[in-house]
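Morning, everyone. Please look at the screen.

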Amino acid sequence: MNNSKWKLKTLIALTALTVVAVPVCLQKKSANAALKYTYKKGFTYETISPKIEKRITGKSYRKNKNVKLSDLRYVQVLHYGFDGKVKHGELIVNKKIAKKTVKVFYELYQKKYRIQRMRLIDDYNANDNKSMSANNTSAFNYRVISGTKKLSNHSYGLAIDINPRINPWVKGNKVSPSNGKVYKQRKTSKCKGKYKRYMIHKNDTAYKIFKKYGFSWGGNWRSSKDYQHFECK
């Protein structure tokens with residue numbers, strides 16, 4: 001065999017190996033990549049990636065018979081902070097309401113609605129009280145309703161708490177978080193809270209937008225009032 005023929009056969013063989021090898025690499029990458037959906041620029045949801053799984057496992061998420069990681073979606077949105085600056089926010093919700101969620105927050109963003117912070121509750125070691133006390137807007141957290149053995153709708157990723165310190169849970173003289181007591185007074189003219197103008201009220205901007213997408217508000221509950229809480233079943 002002359003040298004030129006040998007070089008040609010070698011080149012063909014190497015090319016064949018490359019063609020076979022590339023798809024294998026791509027398959028491995030796609031298996032580890034999250035499937036992402038973009039509603040608008042800055043407003044996305046995706047399947048739980050290995051990175052997010054590592055971040056939440058042992059905190060907001062643990063293996064259970066009710067909720068699988070495949071049932072959840074990681075949401076990223078933009079929002080205006082109390083300082084008037086645009087910030088990046090993140091939530092984990094059920095896949096059933098992922099698209100609704102990005103639409104809700106896109107509309108809130110368009111209205112320049114103020115949200116102080118929006119981090120995964122895992123940044124607070126999945127401690128609901130710490131997250132609420134920091135006025136952190138959050139959603140998924142596999143936990144029971146305080147004082148009961150019943151799973152919260154947050155366990156299924158079907159509930160979202162908005163600015164929880166200034167929109168506390170109230171029942172009689174009980175207020176949660178405790179540093180939200182000043183916001184027990186819901187009349188803006190009487191409340192002495194620094195951020196009283198951001199409290200949620202029936203038929204206000206947040207209420208109307210969440211209701212538009214099928215969410216109900218905890219502020220309408222009878223036995224207690226959960227002013228921060230919106231849920232969708």
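Predicted model: local features only at pLDDT ≥ 70, side-chain atom pairs only at ≥ 80, totals over all residues.

Residues are numbered from 1 along each chain as its sequence is written, and side-chain values use heavy atoms, with hydrogens and water left out.

The protein chain has 5 helices and 10 strands. Those are DSSP runs, numbered from the N terminus: helices are H or I, at least four residues, and strands are E, at least two. Of the 233 residues, 45% are buried, meaning under 20% relative accessible area with a 1.4 Å probe, protein chains only.

Now helix H3, residues 98-110. How far apart are its end C-alpha atoms? They are 19 Å apart, which agrees with the 18 Å that 13 residues should span at 1.5 Å a residue; the expected span is 1.5 Å times one less than the number of residues. Buried residues in H3 include Val102, Phe105 and Tyr109. Among the elements covering the buried residues of H3 are strand E3 (72-80) and helix H5 (205-212). Just after H3, lysine 112 takes a positive phi of about 60 degrees.

Last, the pocket. Which residues lie nearest the centre of the largest pocket? They are Arg143, Ile145, Ser146, Trp169 and Asp226, out of 24 lining residues. Helix H4 (128-133), strand E6 (169-171) and strand E10 (229-231) each give two or more residues to that lining. H4 gives the most, with 3.

How values were computed:
Buried < 20%, exposed > 50% of the residue type's maximum accessible area, 1.4 Å probe, protein only. 1 Å grid on protein atoms, 1.4 Å probe; cavity = no way out; pocket = protein on both sides within 12 Å on 5 of 7 lines; lining within 4 Å. Contact = heavy atoms within 4.5 Å.
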